[in-house]
Structures are given as C-alpha cells and as structure tokens.
Amino acid sequence: MTVPQILEELGGVSRRTFYRWRELGAGPDAFKLPNGELRVWRSDFLTWLRQLEDAA
C-alpha cells in the first residue's frame with residue numbers, strides 16, 4: 001500500500017501524523033523502494049489495525 005492509500009483507509013489521518021507514528025515506532029511495518037517511496041504490505045497494515053483495536 002502507498003502512504004496515500006493508508007491515509008485514506010484511516011479516514012483522513014494527515015501525512016505528518018502517519019510519519020510521526022513511524023518515528024515513534026507506533027506505525028505499521030513498512031519498507032522503502034529503491035526510489036525512496038514507502039510501502040506497507042496490506043497484511044502488515046491489517047495486523048497493525050487489529051493490534052490497535054485489541055489495545056483499545
């Protein structure tokens with residue numbers, strides 16, 4: 001998934017908030033492509049969302 005796709009799935013979370021979560025180690029696992037773009041596997045994104053739900 002691209003960052004814009006993730007932000008859309010999260011209902012309009014700002015790009016800055018997403019990157020802040022990543023800085024704090026609270027975001028989903030991600031990897032960088034050779035061109036520097038960030039990607040998240042959908043399965044990792046869904047696992048991260050489930051962990052947030054379990055913690056709530």
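## Fold and aromatic pairs of a predicted model

The protein contains 3 helices and 2 strands. From the N terminus, these elements follow the order α-α-β-β-α. The radius of gyration is 11 Å, close to the 10 Å that the globule rule gives for 56 residues, so the protein is as compact as a globular protein of that length. The structure described here is a predicted model.

Along the principal axes, the C-alpha atoms fill a box of roughly 35 × 20 × 20 Å. Buried residues make up 20% of the 56 residues. The accessible surface is about 4000 Å², and carbon and sulfur atoms account for 51% of that area. Among contacts with a separation of 6 or more, 30% join residues 24 or more positions apart. As for charge, the protein carries 8 positive and 8 negative side chains, and the centres of these two sets are 7 Å apart.

The structure holds 4 aromatic pairs. Two of them are set out below.

| Pair | Distance between centres | Angle between planes | Arrangement |
|---|---|---|---|
| Phe18 and Tyr19 | 5.6 Å | 75° | edge-to-face |
| Phe45 and Trp48 | 6.0 Å | 35° | tilted |

Phe45 and Trp48 are both buried. These two residues belong to helix 3 (residues 42-55), where they lie 3 residues apart, about one turn of the helix. Ring pairs also bring in Trp21, which forms a cluster with Phe45 and Trp48.

Key:
Residues are numbered from 1 along each chain as its sequence is written. This is a predicted model: local features need pLDDT of at least 70, side-chain atom pairs count only at pLDDT 80 or more; totals for chains, interfaces and linings use all residues. Side-chain values use heavy atoms; hydrogens and water are left out. Helices (H or I, at least four residues) and strands (E, at least two) are DSSP runs, numbered from the N terminus. The radius of gyration is taken over C-alpha atoms; the globule rule is 2.2 Å times the number of residues to the power 0.38. Buried means under 20% relative accessible area, exposed over 50%, partly exposed in between (1.4 Å probe, protein chains only). Contact means heavy atoms within 4.5 Å. Accessible areas come from the Shrake-Rupley method with a 1.4 Å probe; for residues, only the protein chains shown count as cover. Lys and Arg count as positive and Asp and Glu as negative; His and the chain ends are not counted. The place of a charge is taken as NZ of Lys, CZ of Arg, CG of Asp or CD of Glu. Rings of Phe, Tyr and Trp (its six-membered ring) pair if their centres lie within 6.5 Å; planes under 30 degrees apart count as stacked, over 60 as edge-to-face and the rest as tilted.
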